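Work through these exercises with the model open.

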Amino acid sequence: MAFRTIAAGVLLTVVLAAPAGAQVVRHQNPGTTPSLILQAVTVPPGAETLVLSGQLAAPIDPSKPPTGWESFGDTKTQTISILNKIKAILASKGYAMSDVIKLTVFVTADPARTDGKMDFVGMNEGFKQFFRTAENPNTVARSTVQVAGLAGPNFLVEIEATAAKMPAK
């Protein structure tokens with residue numbers, strides 16, 4: 001019985017060990033110009049991953065009680081607020097925005113629009129301030145969906161993030 005336990009432990013170590021030089025691989029969308037988002041990401045065995053719950057925007061002026069969605073800003077402003085929050089959470093766990101591999105973005109209808117649609121352009125404008133920049137040349141696999149509502153009536157955007165990196169040697 002002890003032999004099986006030792007053998008299982010050795011096998012598990014072999015399976016979970018990352019090959020020398022292994023790294024997270026970002027697969028670009030086909031085409032000649034770099035896409036705003038990735039087609040896929042390969043995370044090798046042995047990589048550390050961090051999955052963040054959905055994050056919501058902070059009030060623009062925390063000293064005032066929220067009175068409506070305007071207290072948190074439009075879609076672009078809320079996206080920037082959330083990505084700054086994600087950046088801080090990642091840093092507190094030893095990760096950076098360049099380690100983010102996947103985002104799921106939930107967006108409600110823009111109250112300033114009469115067609116009942118989300119402000120996809122505004123969300124992308126906020127997104128572009130954090131990805132494919134001089135500070136962070138990486139981008140991510142991403143899904144963006146319009147939803148009927150979020151955790152509160154003042155929120156227009158919620159973002160979940162997954163980060164992955166190879167452990168420090």
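**Exercise 1. Find what the side chain of Glu 125 pairs with, and state what the pair joins.**

Solution. This is a predicted model. Start at the carboxyl group of Glu 125. Its side chain meets that of Lys 76 in a salt bridge, 3.8 Å from N to O. The cut-off is 4 Å, so the pair qualifies. Glu 125 lies in helix H3 and Lys 76 in helix H2, so the pair ties together parts that are 49 residues apart in sequence. Glu 125 is partly exposed, at 37% relative accessible area. Lys 76 is partly exposed too, at 30%.

**Exercise 2. Locate the salt bridge of Glu 135 and Lys 87, and classify each partner as buried, partly exposed or exposed.**

Solution. Take the distance: the two side chains meet at 3.0 Å, N to O. Glu 135 sits in the loop between H3 and strand S5 (141–146), while Lys 87 belongs to helix H2. The partners are 48 residues apart, and the pair links distant parts of the chain. Then classify. Glu 135 has a relative accessible area of 65%; exposed means over 50%, so Glu 135 is exposed. Lys 87 has 32% and is partly exposed.

**Exercise 3. Describe the salt bridge between Arg 113 and Asp 115, then give the count for the whole structure.**

Solution. The Arg 113 and Asp 115 side chains meet at 2.6 Å, N to O. Arg 113 is partly exposed at 34% relative accessibility. Asp 115, at 42%, is partly exposed as well. For the count, search the whole structure: there are 4 salt bridges.

**Exercise 4. Which residues have the most contacts inside the largest nonpolar core, and which elements give two or more residues to this core?**

Solution. Begin with the core itself. It has 30 residues. Those with the most contacts inside it are Leu 83, Ile 86, Leu 90, Met 97, Leu 103, Phe 131 and Ile 159. Now go to the elements. Two or more residues come from each of strand S3 (48–56), helix H2 (75–92), strand S4 (100–107), helix H3 (120–127) and strand S6 (157–165). Finally, zoom in on Ile 86. Leave aside neighbours within four places in sequence. Ile 86 is then in contact with Leu 52, Gln 55, Met 97, Ile 159 and Ala 161.

**Exercise 5. Classify the aromatic pairs as stacked, tilted or edge-to-face.**

Solution. The count comes to 2 aromatic pairs. Take Phe 72 and Phe 155: 4.9 Å centre to centre, with 55° between the planes, which makes the pair tilted. Phe 72 lies in the loop between S3 and H2 and Phe 155 in the loop between S5 and S6, so the pair ties together parts that are 83 residues apart in sequence. Both Phe 72 and Phe 155 are buried. Now take Phe 127 and Phe 131: 4.7 Å centre to centre and 25° between the planes. Planes under 30 degrees apart count as stacked, so this pair is stacked. Phe 127 is buried, with a relative accessible area of 1%. Phe 131 is buried, also with 1%.

**Exercise 6. Find what lies over the rings of Phe 127 and Tyr 95.**

Solution. Look at the face of Phe 127. Arg 142 lies over it, at 4.5 Å from the ring centre. Move to Tyr 95. The charged end of Lys 165 sits over this ring, 4.4 Å from its centre.

Methods
Residues numbered from 1 in each chain as written. Predicted model: local features only at pLDDT ≥ 70, side-chain atom pairs only at ≥ 80, totals over all residues. Heavy atoms only, no water. Core = buried A, V, L, I, M, F, W, Y, C linked by side-chain atoms within 4.5 Å. Buried < 20%, exposed > 50% of the residue type's maximum accessible area, 1.4 Å probe, protein only. Helix = DSSP H or I, 4+ residues; strand = E, 2+ residues; numbered from the N terminus. Contact = heavy atoms within 4.5 Å. Phe/Tyr/Trp six-rings, centres within 6.5 Å; stacked < 30°, edge-to-face > 60°. Lys NZ or Arg CZ within 6 Å of the ring centre and 35° of its normal.
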